[in-house]
Amino acid sequence: MGRMAVDTVRFRDLLLAERQKVFDAIEYLHAENPGSLKDETQESTADNHLADTATVTLDREIDYTLEENSEHVLKAIDRALAKIEAGTFGICETCGQPIAAERLLAIPYATQCIDCKRREERG
C-alpha cells in the first residue's frame, strides 16, 4: 500500500490531543481513588450500612471500568500514531481500503472503515 492521501500532520495533532485528554482522565481517576476499596469502606464509622458499602463498591467499579476503557483507547491511539510513522494510517485493517476522512475525524484511531466495522458489529 502506498502512503495515504490524508493529512497525517492534522491527524497526529488530533491523536496527540486526544491522548492527552485520555491520559488526564486516567490520572484524575487515580487521584480520586488513591486507596483500596477496603480503605474506603473502613474510613467511615464502624457501623457501615450495607447500602453505603454497596454505593462505594459500585462507584469504584464504575471508575475501574472507565479506567480500563481509557487504557484501551490510549493503546489504540498509540497504534494509530505508529501507523502514521509507518505510512499505513487511514487504511482499513480488514479490507485494505482507505478509511473515510469523516470517520477518522470522529474517531482518529479507527482501524476499520465504516462498512467493515458495521459488518463486525452485526456479526
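Me: How many salt bridges does a search of the whole structure find?

Reply: The search finds 5 salt bridges. Please bear in mind that this is a predicted model.

Me: Which residue forms a salt bridge with Arg12, and how far apart are the closest N and O atoms?

Reply: The partner of Arg12 is Glu85, and the closest N and O atoms of the pair are 2.7 Å apart.

Me: Is Glu85 buried or exposed?

Reply: Glu85 counts as exposed, at 55% relative accessibility. Arg12, for its part, is partly exposed, with a relative accessible area of 25%.

Me: And Arg19, which side chain does it meet in a salt bridge?

Reply: Arg19 meets the side chain of Asp78, with an N to O distance of 2.6 Å. Arg19 lies in helix H1 and Asp78 in helix H3, so the pair ties together parts that are 59 residues apart in sequence.

Me: What is the relative accessibility of Asp78?

Reply: For Asp78 the value is 32%, which counts as partly exposed. Arg19 is also partly exposed, its relative accessible area being 27%.

Me: Moving on to helix H5, how many residues apart are Glu120 and Lys117?

Reply: They are 3 residues apart in helix H5 (residues 114–122), so about one helical turn separates Glu120 from Lys117. Their side chains meet in a salt bridge, at 3.2 Å from N to O.

Me: What is the relative accessible area of Lys117?

Reply: Lys117 has a relative accessible area of 25% and is partly exposed. Glu120 likewise counts as partly exposed, at 46% relative accessibility.

Me: Change of topic: how many helices and strands does the protein chain have?

Reply: The secondary structure comprises 5 helices and 0 strands. Along the sequence, the pattern reads α-α-α-α-α.

Me: What percentage of the residues count as buried?

Reply: Of the 123 residues in the protein chain, 29% count as buried. The accessible surface of the chain comes to about 8400 Å², and carbon and sulfur atoms account for 54% of that area.

Me: Lastly, of the contacts between residues at least 6 apart in sequence, what percentage join residues at least 24 apart?

Reply: Within the protein chain, the figure is 59% of those contacts.

Technical notes
Residues numbered from 1 in each chain as written. Predicted model: local features only at pLDDT ≥ 70, side-chain atom pairs only at ≥ 80, totals over all residues. Heavy atoms only, no water. Salt bridge = Lys/Arg side-chain N within 4 Å of Asp/Glu carboxyl O. Buried < 20%, exposed > 50% of the residue type's maximum accessible area, 1.4 Å probe, protein only. Helix = DSSP H or I, 4+ residues; strand = E, 2+ residues; numbered from the N terminus. Contact = heavy atoms within 4.5 Å. Areas by Shrake-Rupley, 256 points an atom, 1.4 Å probe, with all protein chains shown as cover.
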